[in-house]
Amino acid sequence: MSSLAGVISALNAAAELNPNDLPVRLHLAGALSQDGQLQAALAQYAAVLAQDPTNLDALKGAADTAERSNDNARAGAYRKLLTALGGL
């Protein structure tokens, strides 16, 4: 198991124990994105945004990840929100 896979596994376990821990979910989303698991990363960013729709880190991460997955419409929507909130 690579070190990143170990980090993802530990963060998944932590997120399952406390689904409302947004920093853990953000960290998990970043690790998943880094590992190329873009749809799983987007799901984690969406979970954060469901609880905190103005979370700038989640919006930026979701926009970047959607762009990497060639979902330009979704990336654009996240960037529009990010800009409206002053995050760009």
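Which residues does Ala 62 touch, not counting residues up to four places away in sequence?

Analyst: Ala 62 touches Leu 42, Tyr 45, Leu 49 and Tyr 78, leaving aside residues up to four places away in sequence. Contact here means heavy atoms within 4.5 Å. This is a predicted model: local features need pLDDT of at least 70, side-chain atom pairs count only at pLDDT 80 or more, and totals for chains, interfaces and linings use all residues. Residues are numbered from 1 along each chain as its sequence is written, and side-chain values use heavy atoms, with hydrogens and water left out.

Now the core. Ala 62 is among the residues with the most contacts inside the largest nonpolar core, as are Tyr 45, Leu 49 and Tyr 78. That core has 24 residues. A nonpolar core is a set of buried Ala, Val, Leu, Ile, Met, Phe, Trp, Tyr and Cys residues joined through side-chain atoms within 4.5 Å. Buried means under 20% relative accessible area (1.4 Å probe, protein chains only).

Next, the helix pair. Helices are DSSP runs (H or I, at least four residues), numbered from the N terminus. Helix α4 (residues 56–68) packs on helix α5 (residues 72–84) at about 155 degrees, with axes 8 Å apart. Axes are lines fitted to C-alpha atoms over the stretch in contact, and angles run from 0 to 180 degrees between N-to-C directions. The angle therefore makes α4 roughly antiparallel to α5 (over 145 degrees). Ala 62 of α4 and Tyr 78 of α5 are among the residues that make this contact.

Conventions:
Helix = DSSP H or I, 4+ residues; strand = E, 2+ residues; numbered from the N terminus. Parallel < 35°, antiparallel > 145°, perpendicular 65-115°, else oblique. Buried < 20%, exposed > 50% of the residue type's maximum accessible area, 1.4 Å probe, protein only.
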